[in-house]
Amino acid sequence: MDLPIDHFRLLGVPPSADAQGVLRTLQSRLDRPPHAGFTAETLQTRAELLRASADLLCDTDRRAAYEAELTSLAGSDGSLQPALEITSSRQVGGLVLLMEGGQPLEAFEMASRSLHPPQSPTLGSGREADLTLLAGLACLAAAGELEEQRRFEAAARTLEQGLQLLQRLGRQPDLRETMHAQLDHLTPYRVLDLLSRDLVAGVERQEGLELLEQLVQRRGGLEGDGDPQFPSQDFQPFFHQIRAFLTVQEQVDLFSRWAATGSDAADFLATIALTASGFAQRKPERIAEARHRLQRSGREGIEPLLANLHLLLGEADTARTCFDRGASQELKDWAAGKSADPLGQLCAYCSDWLVRDVLPGYRDLEAEPDLVAYFSDRDVVAYVEREDQRRGRAYLAAPAAVEPAPGPAFPPYDDLGPGTLPPPVPLTLEGGSAGGFAPLPAADAAKDPDDDGELDDEVPLRWPVPPRPWLLGGAAALLLVLVAAWVLRQRQSSPPPAPAPVPPATAPAPTPKPTPKPVVGLRVTPLTANRPDAAQVRQLLENWLTVKSGVLAGEPTPQDLDRIAREGPMALLARERRGDLARGQTQQLDVQIIDLTLSENGPRRIVAVARLRYSDRRLDANGTVLETTAPLELRNGYVFGRDGDSWRLAATQSLN
């Protein structure tokens, strides 16, 4: 066989070395044998090959002829390379010297070929043991060199090949463990290597995304710290760097999947990515989805961000209300310094937010935070007009009573089988209490992109206030926002400074403690009648409202609550209570059913329309009132499904 190496590199001496230098190097190499696991036969072969090279280089005539041969090869077109011919009996010793001579990748590849049929040695022989050990050591050395050259994916491929070879032979468990550890170490670098490639390299980029997911799972999620080889102080800058290589859609998909597993950080990142995509690509539906996600998060101090999203959807009145309620005084002062007009202030803050936090960090986005261009886009205008028509928004000349909208059509689904209902529509928390913010106008509720007309089973008992007399139609509000954005752009000669981070809004001044209203008996009374009448359905609804009020007031949740409610309403109630517990708060709800009628009464589905009188108070741990909702009259729809022998609440929606 031929070894792709010359005598100088095999011995480890420069071409200028004299005979004395050659002999000193020879002795040094003989005194420092390689890994102790090789057999005596391989070590002896290695020594013989070293002496043969030293003999040639110390012989003046032979060395001169050899150097002339090397010069001739160097003058060729590069297709010829120097090599040493050795017998097959000296193969393993020669490969050891090839690895020591700085060519571990070639040594690994040649050893691997020798371990495969038809060249594979006898099982259990010393030759097989030496070749296996050599393959493992050369693989690790080659991967190390490739890593130094920043060829991280090539290093990982080499390690994977070595692992497969050693696992097939069932040898060198210590080396296999070292290879596994080296592969884990390479994972972040491989992710960077694969995701930094051109967007047309779809297969490689997809592999990089899969490795990124594995890396995050190994840590226990974005917020986890379960990987001792990649602690948080290293992971955070890596993750910040990796985002710049991801497209906006890749970030939306990735963060949405992680958010579905309970990651709050991923949920927020998905919100930002959706906003960036919606703004840059002029798709307000994505911004509405981002707002929906942010509202569902239940975080504190998000009102200024919600104000930005409302503004981008043309809902100027709701944006102003949200900003005024949640912005810190420092942020309000900053905004006031940008414009005397409230809408101009919102545009300034929204534009600065887009510049700093939303639009940077995507491989395929190069959008300017130009609100004038955004609000002038025909797709944005069409969306706002379409939402106006859907909600029936218009100019209101006086605070006259608004005729309630007709109840939604409840499509039949009896063909789904006994005890089944369609999956719940994602929660819309406009005015919802899960995040601790005050009610918003019903006209400004976001349309869920997956809304198919079904009642939402996750609408909490914190309801919209009646329409205000000064509420503008979305198209008119959009025009005002466009004017304000244009005026702001004319005035700004330099980028605005970043405002200080928005702290949570300060709590209202303490008020006298109210006398808590006692909640009596959180007992569950199932409804088992085959075809219940309106009075029986009303009792079931009252039972649910009583239990919900008690749970939010701090009472324990009945273990048999699933006898009267399905998973969706119960999950929302549990989530809302967890949010209150985290803030050290409780709620006191006062809900009375004024009237109830059945708009549908089937064998497995009942739709009830109820008029309610509703008010609430939110209290801190000391019983101090933090916020209140004045008494309102509401019109709500409730869907009940029959599961087994009982009826359970499946969905709720406001019909105001």
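Strand 4 is joined to strand 5 (residues 625-643) by 14 bridges, and the two run antiparallel. Two strands count as paired here if DSSP finds at least two bridges between them, and strands (E, at least two residues) and helices (H or I, at least four) are DSSP runs numbered from the N terminus. This is a predicted model, in which local features need pLDDT of at least 70, side-chain atom pairs count only at pLDDT 80 or more, and totals for chains, interfaces and linings use all residues. Residues are numbered from 1 along each chain as its sequence is written, and side-chain values use heavy atoms, leaving out hydrogens and water.

On its other pairing, strand 4 runs antiparallel to strand 3 (residues 586-601), again through bridges.

| Hairpin | Bridges | Residues between strands |
|---|---|---|
| Strand 3 and strand 4 | 14 bridges | 3 residues |
| Strand 4 and strand 5 | 14 bridges | 5 residues |

Gly623, in the turn between strand 4 and strand 5, has a positive phi of about 85 degrees. Arg613 has Glu633 in strand 5 as its bridge partner, while Ala610 of strand 4 stands opposite Leu596. Because 12 of the 15 residues of strand 4 (residues 605-619) are buried, the strand is largely enclosed by the rest of the structure; buried means under 20% relative accessible area with a 1.4 Å probe, protein chains only.

Now to a helix pair. Helix 12 (residues 248-260) and helix 13 (residues 264-280) pack at about 150 degrees, with axes 8 Å apart. They are therefore roughly antiparallel, a term for angles over 145 degrees.

Methods:
Buried means under 20% relative accessible area, exposed over 50%, partly exposed in between (1.4 Å probe, protein chains only). Axes are lines fitted to C-alpha atoms, for helices over the stretch in contact, and angles run from 0 to 180 degrees between N-to-C directions. Angles under 35 degrees count as roughly parallel, over 145 as roughly antiparallel, 65 to 115 as roughly perpendicular and the rest as oblique.
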